[in-house]
Amino acid sequence: MKTKHIPFLFIFALVSCGESISPVDSGLDAQILHFGNGSEPQGLDPHIVTGVPEHHLLISMCEGLTIANPKGGENLPGVAESWKISPDGTTYTFYLNKNAKWSNGDALTAQDFVWSWMRILTPSLGSQYPDMLYYLKGAAEFHQGKTDDFSTVGVKAINDHELRVELNNPTPFFIRLLSHYSTYPVHKETVLAHGSIDDRNGLWTRPGNFVCNGPMNLKSWELNKQITVEKNPLYWDADKVQLNEIRYYPVSNESTEDRMFRAGQLHVTNVVPLEKCPVYIENNNPNLRIEPYMGTYFYRVNTLHPVLKDKKVRLALAYALNRNQIVDKVSKCGQKAAYSFTPPGSAGYEPDTEIPFDPTLARSLLAEAGYKDGIDFPVLEILFNTQEGHRKIALAVQQMWQENLGISVQLVNQDWKVYLAREMTGDFQISRAGWIGDYEDPNTFLDTLRPNRGNNKTGWENEEYDQLLELANSTNEQSLRYEYLMQAERLLISEMPIIPIYTYVRQYQLSSDVKGWYPNLLDTHHPKFIYLER
Amino acid sequence: MLQVILKRIAIAIPVILIVASLTFFLVRMAPGGPFDAEKVVPPQVMKNLNAVYNLDAPLIIQYKDYMFNLVQGDFGPSFRYPGRSVTEMIFTGLPVTFELAFYAIIVAMIIGSLAGIIAAVKRNTLLDYIPMTIAMIGICMPTFLLGPLLVLYFGIHLEVLPVSGWGSLAGDKILPSITLGAAYAAYIARLSRGGMLETLSQDYIRTARAKGLPEYKVIINHALQGGLVPVVSFLGPAVAGLIGGSFVVETIFQIPGLGRFYVEAAFNRDYTMILGTTIFFSTLIIFFNLLSDIAVLLMNPRARSEA
Amino acid sequence: MSQGSSLWSDAWRRLLANKAAVAGGIILLILIFLAIFAPWIAPHSYSYQNLELGAQPPSGNFLLGTDTLGRDLFSRILYGARVSLLVGFVATGVALVIGVSWGIIAGYFGGRIDSVMMRIVDVLYGLPFIIFIILLMVIFGRNIWLLFGAIGAVEWLTMARIVRGQVLTIKNQEYVLAAQAMGVTNIQMFRKHIFPNILGPIAVYATLTIPQVMLLEAFLSFLGLGIQPPMSSWGTLIRYGVESMEEYSWLLIYPGLTFTITLFALNFFGDGLRDALDPKISSD
């Protein structure tokens, strides 16, 4: 029967049109990088977005005053080619590169930064990162609506290429902070041509409209499929840029992404699937990358809970966990056990806190708190967002507390939004949490547990801790500053409002064709340094 | 028949409105809002965000506004993707899902009907048992099992087909279409076999055979129509199932279709996107049910009088 | 009535002659037995993690191997049987209760009641239930009773249609009309004539709905919305298996095989029942 042949013709037709050379192979000559980017980005407005996929896109298309050094260490010049800091550390003068241009040819001036920072601090815009600029004089007051005169804020354009910034305190990490996308400039005429300064829904970020100042330009954006950026010839450092194009794929399913990489469809992935990591480690997979990441995986404790408000209970819970077993047998992807809140090695900071795995000590602490052998101890809940990795760790923790303390806990997983809502409203007892640094300095961690910080969520408010951090932020001298911070860290660990579990690593696969890519604590890989070579 | 169609359409409209209202209130009851993020949103920022999206008005007012816009065809802005409207997103994802479903149905109908008809004609022989067993496997195997298996074999082991994408690489539409169509091919095989068997046992078939007509003519001229009727009437529910199946296939194969948008919107609490997609899918299903009912009526005069 | 009983024994005979159906039925009985007695049969706890052990292929101590947390796969499959079969039976039960009552009322009383009730069914048929289920699961969390209810609510429609169709056919039979003329009450009518005759299609359809339900649960588990740990259904086991199918293939093969065989058994048995009860097509 002739109709039988139709399926085969169908398949034949679909297969035979088009090349069969893999994207990784063809990308080599054309210098096109294929990048697995996790999830579909929310948008491209640096003053509105909050996530990592957006971060990857924004560092390729825009640039701040400084850029992170791919090999780590102090930031490199970005739009600012040099800067001067006053002796007391509160006044910064940035000298902007006179060749800095917008992608449409307009010159980039200091006034652009003033306007852009005004935009992110405009309350009606609803940015979720305004506190990155709170270090500026008057910024918090402007953002909280106490004044609507932006000239009270400590940023001024002295002339077209000189920007003066005044801070509340000497903020030693300020230069590093300036590579974060929330401080990026935006092109005033473009933004206003498509909406007002505080219009979140303006179409200025669409391909064809989007204007920015980075090494790449937005070429096309196919929703949920692919975002393509191409080399920007007007970038001030354009002759250093070797890539011609980057294609970002929003692959949210880890297994699919893994398969795409193995089939030569991606140069770099966003993650490695949980199950594959130990196997790749064992087989010495040359494409596997496991690199320290400035992040801590911890359990947040609600210190307002009647049982958990006793420090002894919290310490008991912390001492009853075998962190080594968790990283070796559960997460199994090169993570390191964490004995401090701030990851060690961040900008030379090495906390000296310890959390022993000592079931005997843990039990005696629990007994002192009045729950000998776990009797009368209520069944607590571990809250986490639905994800295999979190579940596995929670299961291990559950078993360890059962065996070592005699207490039972219940595992409750919710999807992401519900989990966030519950954490925010304090509707939890113990919840799984993770914190990634926004810039390379211990302050980005320790600051979050100060009283009245929205990200605290533990109910723990300690005067002495607050004061130590205040002291640390008012000195410019590194070693003194770190001394204060270490004291704060010791205090934190002795109170244990959060139970550190492990330090994050970035695990992903990278094709050997990719060069100019260095391990980086904040996982920032500026496209301007990357090229493809075999 | 026109009357039947008009009546059905007249009922469909209030149904869609009820669906919209139901979904509206259901979604709002959910804990967790569209703007919750890991880094806590300062209260005044939250206030501003809620004001921009009209989330601080009383629920009834929001409902009224939404319905009013809906009737004019405006689904509102996406909460999660600033600057994008729901309509835009639906019409970006829809063609892709349509194309996927279309290929899947073609695969299912061709393979399924052929298998079913052959099985019916060669009843109780090997040509009956083998296709029907394969069909059974198709029904019993979850899509999320079949998909990865196919990818593993054809994409990674044999390296002849791409493992993901839609329209980016040659041949990347094959595996998803087959994966999605497989379960339906199986159902259609069984349905057409059943319909075929029933038709073959009718009197007029016996008459045709008695008259000396060659067997293949008997099948093509008389039996085929009867064998295909159940398949056509299955199309309506099939579309409904395909929408669900597309979620899985689109996730496994990274296809930018409406199904994937929907699942993400649900998890992200993108209220307007959830509503828009639900309403859209409902309308689609109602439409396809109507189409398939009409097709059945056209093909089977007896059913017409029963209508 | 003698007519009724010989119909049943005829059907029984036909069923027994259908080898596939018999095999299916036996497998089902074995599975149900294993599921009920799982706590006594399972060699290990289904949740105890032996972290040091990790994923191991089948060996003496662990009949079907262990998963990445060192949990015994055989025990997990046994307990998974309980969960999956429970979901299957209960959700189908929910669908049965709603669908059968609906169909009987619509079919028996006929007229406007029938019209309205079936119109509602038609309308509901057109709704994307999958979407609602996903939404319900996402919004209200994963409550196992909600799961049963939601799945049942999707499947009752066809049941209602079939039952109603059957009731209509029976209602118009001569003996029923005669009985009505003789003044038999509704309840007696129902008990003696209608009920025995719809039992067949109900049994068939219920048996065929169970695998649908199980697939639906597996689908929800794939999206992360189905049965929640520590309970694991076969759907969740398969999902984990797919994730590690290249490295630890036994984690996929054994649950996958068990799931597929069960569904096969249910489908063959259901088909057999249908063929046995429907005299038209069974002219072997």
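Mentor: Chain B has 12 helices and 0 strands, where helices (H or I, at least four residues) and strands (E, at least two) are DSSP runs, numbered from the N terminus. This is a predicted model, in which local features need pLDDT of at least 70, side-chain atom pairs count only at pLDDT 80 or more, and totals for chains, interfaces and linings use all residues. Residues are numbered from 1 along each chain as its sequence is written, and chains are lettered from A and ligands numbered from 1 in the order in which they are written.

Trainee: What percentage of the 307 residues of chain B count as buried?

Mentor: A residue is buried if 20 or more other C-beta atoms lie within 10 Å of its own, exposed if 12 or fewer, and partly exposed in between, with C-beta atoms placed from the backbone. In chain B, 53% of the residues count as buried. The C-alpha trace of chain B spans about 85 × 55 × 30 Å along its principal axes.

Trainee: How many residues of chain B and of chain A take part in their contact?

Mentor: Two residues are in contact if their C-beta atoms, placed from the backbone, lie within 7 Å. Chain B contributes 45 residues and chain A 48 residues. On the side of chain B, α4(B) gives the most, with 6 residues. That side comprises 26 nonpolar, 12 polar and 7 charged residues; Ala, Val, Leu, Ile, Met, Phe, Trp, Tyr, Cys and Pro count as nonpolar, Asp, Glu, Lys and Arg as charged, and the others, Gly among them, as polar.

Trainee: At what angle do helices α2 and α4 of chain C cross?

Mentor: Two packed helices are described by the angle between their axes and the distance between the axes. Here the axes of α2 (residues 19-36) and α4 (residues 73-109) of chain C come within 8 Å and cross at roughly 110°. α2(C) is therefore roughly perpendicular to α4(C), a class that covers 65 to 115 degrees. Leu31(C), Ile32(C), Leu34(C) and Ala35(C) in α2(C) meet Leu78(C), Ala81(C), Arg82(C) and Leu85(C) in α4(C).

Trainee: Which residues touch the most other members of the largest nonpolar core?

Mentor: A nonpolar core is a set of buried Ala, Val, Leu, Ile, Met, Phe, Trp, Tyr and Cys residues joined through C-beta atoms within 7 Å. In the largest, of 244 residues, they are Tyr184(B), Ala186(B), Ile188(B) and Ile134(C). α4(B) gives the most to this core, with 19 residues. A second, separate core of 77 residues includes Cys277(A) and Tyr349(A).

Notes
Axes fitted to C-alpha atoms, helices over the stretch in contact; angles between N-to-C directions. Parallel < 35°, antiparallel > 145°, perpendicular 65-115°, else oblique.
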